[in-house]
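This briefing is meant for a reader who is meeting the structure for the first time. Please keep the sequence and the model at hand while reading.

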Amino acid sequence: MIFHVLTIFPEFFRGPFEHGVVARAVEAGAIRIRIHNLRDWTFDRHKTVDDRPFGGGEGMLLKPEPIFLAAESIWPERKPGQRAVLLSAQGRLFDQAGARRLALEAELLLICGRYEGVDERVAGHLADEEISIGDYVLSGGELAAAVVIDAVARLLPGVLGNVASTVQESFSGLEDGLPTLDCPQYTRPADFRGWKVPEVLLSGHHEQIRLWRRQAALDKTRRLRPDLLAHRDRLKPAPQEQDLAGKEAES
Ligand code: 4GX
């Protein structure tokens, strides 16, 4: 898979991809990351990428022309499997399902907004979709693009040594086909400052360990991310209603 990034801060991407899984994926040839400087598609003396909003208002917007020219230079004719994504706080929320979906593409172009935003014609007529990595405001799309690349790259064949590790963990762990958080995990020492590892994990009883882990994952999800289970309960209302009916009949 090829990741293209369009940015006014190309230096930003030197750091994040020099280490870890993404760096190894590049070295192994599983992915390519090409950073494109938006100012390369400006033709005035000052390499202007921004301008004031029509109708007035605070701040500056990225102009459409350099962004369209860059995209048309990267992909002279747009083919299936070439997907352009605008990172913005207005976008659809990025999640593990979104990462799995993008991992099916051949090439991604991640367009990083800056300033107060980007001329809306980029979202309307160039980007295939607008993605937000979370409900908070970043100072630019660069960190968001790095997050998307990391989450997508590790799903690609040949990137992670252990394929099973991509299905076991949070948000992919299938509990009735829906995500839960990871179960709590422990390593040595079995007693750290008096805080003991749950006995069952030291027992060697694989079936008991499996049951404990499933319950612990559910408990932790209920405590920290009840929204994930609310989703599950909405999709499977029947047993709950039966339970309630039973309880009402008892009392
Ligand atoms: N997840 N931001 C982008 C400028 C901007 C505004 C509008 C395009 C359209 C963000 C996020 C995020 C702040 C990045 C605004 N670009 N991006 N920037 N949350 O907050 O992705």
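What follows is a short account of the nonpolar cores and the salt bridges. The model is a predicted one, and the structure holds nine salt bridges. Its largest nonpolar core has 29 residues.

**The largest nonpolar core**

- Within this core of 29 residues, those with the most contacts inside it are Phe3, Ile31, Leu87, Phe94, Leu102, Val148 and Val152.
- At least two residues of this core come from each of strand 1 (2-7), helix 1 (20-27), strand 5 (82-93), helix 3 (96-102), strand 6 (107-112) and helix 5 (142-153).
- Helix 5 supplies the largest share of this core, namely eight residues.
- Val148, when residues up to four places away in sequence are not counted, touches Leu87, Phe94, Leu102, Leu110 and Ile133.

**Another core**

**The salt bridge between Glu129 and Arg101**

- Glu129 and Arg101 form a salt bridge in which the closest N and O atoms are 2.9 Å apart.
- This pair links distant parts of the chain, since Glu129 lies in strand 8 (residues 129-132) and Arg101 in helix 3, the two being 28 residues apart.
- Glu129 counts as buried because its relative accessibility is 10%, and buried means under 20%.
- Arg101 has a relative accessibility of 31% and therefore counts as partly exposed.

**Two further salt bridges**

- Arg121 and Asp119 meet through their side chains in a salt bridge, with a distance of 2.8 Å from N to O.
- Arg121 is partly exposed, its relative accessible area being 46%, whereas Asp119, with a relative accessible area of 15%, is buried.
- Asp227 forms a salt bridge with Arg225, and the closest N and O atoms of this pair are 2.7 Å apart.
- Asp227 counts as partly exposed at 42% relative accessibility, and Arg225 is likewise partly exposed, with a relative accessible area of 28%.

- As a general point, side chains of opposite charge can pair when their charged atoms come close.

Notes. Residues numbered from 1 in each chain as written. Predicted model: local features only at pLDDT ≥ 70, side-chain atom pairs only at ≥ 80, totals over all residues. Heavy atoms only, no water. Core = buried A, V, L, I, M, F, W, Y, C linked by side-chain atoms within 4.5 Å. Buried < 20%, exposed > 50% of the residue type's maximum accessible area, 1.4 Å probe, protein only. Helix = DSSP H or I, 4+ residues; strand = E, 2+ residues; numbered from the N terminus. Contact = heavy atoms within 4.5 Å. Salt bridge = Lys/Arg side-chain N within 4 Å of Asp/Glu carboxyl O.
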